[in-house]
Each structure stands twice: as C-alpha cells, then as structure tokens.
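Subject: Structure handover

Hello,

Please find the sequence and structure here. My notes on what was found follow.

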Amino acid sequence: MNLKPGWLLLLSVAAGVWSVPIDRNVGNQEVKEEVQEENGDTGLYYDRYLREVIEVLETDPHFREKLQTANTEDIKNGRLSKELDLVGHHVRTRLDELKRQEVSRLRMLLKAKLDSTNIQTLQMDHASLLKQFEHLDPHNQNTFEAKDLELLISTATKDLENYDAERHEEFKRYEMLKEHERREYLKGLDQEKREREEKRMQELKEKHRQHPKVNAPGSVAQLREVWEETDGLDPQEFNPKTFFKLHDTNEDDVLDEQELEALFTKELEKVYDPKNEEDDMMEMEEERLRMREHVMKNVDTNKDRLVSLEEFLKSTEKKEFNNPKEWETLDTKPVYSEEELQRFEAELRDKEEELKRKAENLRQEQELLKERGKALEAQRREYQQAVLEMSQRKEQQAADGQPPAGPNEELKFQPEAQKLETKDPRPVVHCHGSLGTCLMLVVVLLMMRCSRGRRPGHSCQHSCNPLTCRDLRAAPPLLVSTQLPPVSHRTVIPAK
C-alpha cells in the first residue's frame with residue numbers, strides 16, 4: 001500500500017514503529033522495500049482496520065484527489081471526513097462491511113475479557129461496552145459514516161503520539177528489572193564469588209563504553225557517513241536534496257519515522273553488536289528511538305511526525321547541522337534513579353506476595369479436592385462391598401433353596417415356585433398314617449381349613465393327630481393320599 005502524505009500526516013501508518021535497515025544494493029532494493037512495507041505496523045490494536053479503511057478510500061478517485069491537496073489542519077480538524085459523502089457506492093458498501101467486521105472482532109475481544117475475569121452477566125450490553133473503543137462510533141454498528149472516519153483519525157493520531165512515551169516507560173522497567181535480577185543474583189553468591197562476578201560485570205560495562213564516536217543524528221557528519229558507506233557515493237559530493245530523494249523509499253516526498261530510523265543504523269552498529277555479551281539489543285532499539293525523536297524535534301517544524309523536503313533543507317542551514325553537540329549514548333547516564341528502582345522493587349515484592357497467596361490458596365484447594373476424592377473413593381468401595389455381599393447372600397439363599405431376601409430382609413417369592421407339582425388343580429394332602437386315621441382326616445378336612453393349605457400344592461407332613469394339628473383349618477377341596485407300606489391308596493375329596 002503506497003500511502004500519500006495526507007495519510008501519513010494523520011496516522012504515520014507507513015512509518016510504523018519498527019525500523020528496517022536499508023541496503024542500497026541495486027539487486028536487493030526491491031526486496032528490502034517490500035519487507036519495509038510489510039513491517040510498517042503502527043502497533044495499534046486496530047491497525048488492520050485502519051489500514052483496510054485507507055486502502056478502500058484510496059480506490060475512490062475523488063477522495064484520493066482531495067487527500068493529495070489536503071493539509072495537516074484539514075485532516076486533523078475533520079474537514080476531510082466530510083468528503084466521505086461523495087465517494088462511490090461500492091466504496092461505502094465496502095467500508096460498511098469493514099466496520100461490521102471490526103465491531104464483531106471487538107465483541108469477541110470483550111467476551112474473552114469478561115470470560116477471563118469470571119464476570120457473570122445475564123445479558124451483555126455491547127453498545128455500552130463498545131464505548132470504551134474510541135476509533136469508531138458505538139451507536140451506529142452497521143454503517144461507516146463521516147463520524148467514524150473523524151474518530152479513526154483523531155484516535156490514531158492521539159495513540160501514536162503516546163506510543164513513544166509508552167515505549168520509553170517499557171524500556172525503563174526492562175532496565176530496572178535487569179538491575180534487580182543482577183543484585184539478587186549477587187546476593188546468592190558467597191563473598192569470593194560475588195567479588196569475582198562483580199569484577200567481570202564491570203569489565204563488560206567498560207568494554208561496552210569503548211566504542212567509536214557516535215555522530216549526532218541529523219548532523220552533516222552523520223548524513224555524510226550514510227552517503228558514503230550506505231549509498232556508496234563520494235562524501236565530497238554530498239547534496240542534501242539528492243540525499244533526501246535517495247532515502248524517500250516510497251517516493252511520497254516526505255521522510256516518515258521508519259525512513260528516518262533506517263538512517264541511524266550505521267551509528268548504532270558502532271555501539272551495539274549482537275555477538276557481544278556486553279551489548280543489549282533492547283538498548284539499541286531504545287537508542288534508535290531517541291535518535292529519531294531528536295531529529296523530529298529539530299527538523300519537524302509543523303509537528304506532523306513527518307519531514308518534508310522543505311523542512312529537511314531548512315535544517316541543513318542551521319548552525320547545529322554543521323556543529324552539533326556531542327551525542328550522549330544510553331551508557332553515559334542511567335535511565336532511572338535509585339528511588340525509582342526501590343519503588344519498582346517494592347512493586348515486585350508486592351506482586352510476589354500476591355502470587356504466593358494465590359499459590360497457597362490453590363494448594364489448599366488442591367488438598368481439599370484430594371480429601372474429597374478420598375472420601376468419594378471410600379464411599380465407592382463401601383457401595384461395591386455392599387453390592388458384593390448382597391450378591392453373595394442371594395447366591396447362598398439360592399443354594400439353600402430359600403426364597404431370595406429383599407433389601408429389608410423380607411422374603412420374595414418367585415412366580416415359578418408357585419406352580420403345582422401335579423397336573424390336578426386340587427390340593428393334595430399326604431398322610432402317613434393308618435387307613436382309619438386317613439378316613440377321619442377326610443371328615444375333619446371337610447369341616448376345617450389348613451392355614452398352609454391356602455397355598456396351592458401344600459402337603460401336610462404332620463404325623464400328629466389331625467384333630468389336634470394347629471396347622472389345620474377349613475380347607476378347600478383336597479386330594480388326600482395315604483401311603484401305608486407296602487399298601488398305598490389315594491383318596492380324592494370332592495368339592496364341597
């Protein structure tokens with residue numbers, strides 16, 4: 001995407017925040033320019049949406065023409081946003097689609113954030129939650145209007161202005177953490193090892209400070225060095241206008257932040273080498289940022305985060321261009337004070353204590369879960385033992401010919417056991433007495449009923465006198481059989 005100066009004025013999109021060294025070898029020029037364009041990330045969380053909106057707007061001839069003639073104030077005060085009403089229908093349709101996609105993406109981010117914080121909501125009010133995102137209009141989530149473009153411009157401009165300050169603060173915290181870890185490491189050593197390690201670290205610091213002189217960024221000495229070593233031209237023929245054209249890699253008639261940072265590679269290589277233990281590449285990127293801010297402060301007169309040809313040529317006429325002050329690298333003075341380091345260490349201790357408390361809570365919860373697991377396992381074994389004992393009891397009862405017992409030890413009778421042992425439906429009583437006794441029994445049974453005889457198939461096996469048998473009661477018609485060895489007879493009692 002080849003962005004015009006108008007867009008660069010408000011967004012610095014092509015400039016990005018990461019530098020890419022430029023190789024002026026003809027064979028690699030196109031490849032390097034492609035890499036530079038791909039890495040031009042603003043660092044904003046809505047960077048993709050921003051770029052896609054710009055790409056779509058640049059497809060409209062009318063808007064592109066207005067953009068080329070617009071100045072910084074027209075863009076920042078929102079006058080350019082009003083031109084959105086005049087773009088083609090297909091452009092508006094595409095912008096509407098981009099906004100709906102961005103709203104959908106933000107909703108997913110909000111949901112993930114709420115899920116991560118364990119916030120339970122009955123109904124999520126997306127319209128209210130979207131208000132925290134300033135780069136679009138939350139009240140209109142379906143169409144891209146002039147207000148959306150105005151908000152996108154103002155928010156991106158503000159965020160990019162604050163981005164450098166955030167990078168400085170992040171680097172300071174990095175340096176304090178590094179010093180904190182160094183001190184903690186030395187505390188864990190005995191006296192002899194500590195002294196030896198402190199001496200080694202001091203030697204590395206001194207070695208890092210022993211580097212060639214670093215030219216002030218944006219000075220004639222620094223630019224001539226790039227002209228000679230990077231561009232391969234005669235330093236005696238240095239020409240500021242030609243130099244500007246050579247390093248305006250996207251040919252948009254301005255030097256953006258990325259193109260400026262690429263100019264400082266040679267100076268940074270004097271101080272930092274990734275192969276050396278004493279050189280920190282994080283410090284190198286911080287040094288690059290400081291150099292770019294120095295040039296912008298002295299050259300960028302209209303504060304649009306871009307250097308035009310006119311601004312660049314005027315800077316070459318200043319006294320500081322030919323006689324600059326000596327550039328002080330990061331190793332000449334500390335980035336933080338001892339007081340700031342102490343506050344940082346106190347903050348680390350507080351966070352460490354908080355992590356310990358959380359770890360202890362997790363440990364206690366883990367122990368509680370283990371105890372619950374043990375209780376559940378014991379209960380499971382009890383249930384298994386009870387089931388096993390019940391199964392064994394049933395098997396024993398089946399082997400003894402007893403009816404199976406229920407859970408409360410009550411007897412259960414199977415329907416199969418209630419079948420008659422004879423095909424004759426009438427009950428049979430076997431009496432093992434004399435014939436006279438049997439005849440008497442017949443008379444008695446016509447008048448009485450045996451309580452057991454109520455169950456079909458019951459056989460009275462008593463040898464006592466039937467008249468005194470307590471198990472005899474009024475009974476239904478019976479089939480009485482007597483057996484007197486060796487003579488047996490069978491008596492059928494007719495129905496009463």
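The end C-alpha atoms of residues 235-270 are 19 Å apart, and this span is 56% helix and 6% strand. For residues 287-322 the end C-alpha atoms lie 22 Å apart, with 67% helix and 6% strand. Both ranges are listed by UniProt, in an unreviewed entry, as "domain: EF-hand"; such annotations may be inferred rather than shown by experiment, and the positions are in the numbering used here, with feature names shortened. Helices (H or I, at least four residues) and strands (E, at least two) are DSSP runs, numbered from the N terminus.

This is a predicted model, in which local features need pLDDT of at least 70 and side-chain atom pairs count only at pLDDT 80 or more, while totals for chains, interfaces and linings use all residues. Residues are numbered from 1 along each chain as its sequence is written, and side-chain values use heavy atoms, with hydrogens and water left out.

Buried means under 20% relative accessible area, exposed over 50%, and partly exposed in between, with a 1.4 Å probe and protein chains only.

Phe 312 is in contact (heavy atoms within 4.5 Å) with Leu 223, Pro 240, Phe 243, Phe 244, Leu 255, Val 299 and Val 307, leaving aside neighbours within four places in sequence.

Buried sites. Helix H3 (residues 47-57) has 8 of its 11 residues buried, so it is largely enclosed by the rest of the structure. Among the buried residues of H3 are Asp 47 and Arg 51. Glu 278, in the loop between H13 and H14, counts as buried at 14% relative accessibility. Not counting residues up to four places away in sequence, Glu 278 touches Leu 204, Lys 207 and His 208.

Helix pair. The axes of H8 (residues 146-187) and H17 (residues 338-400) come within 10 Å and cross at roughly 75 degrees. H8 and H17 are therefore roughly perpendicular to each other (65 to 115 degrees). The contact includes Met 176 and Leu 177 of H8 and Phe 344 and Leu 348 of H17.

Regards

Note on methods
Axes are lines fitted to C-alpha atoms, for helices over the stretch in contact, and angles run from 0 to 180 degrees between N-to-C directions. Angles under 35 degrees count as roughly parallel, over 145 as roughly antiparallel, 65 to 115 as roughly perpendicular and the rest as oblique.
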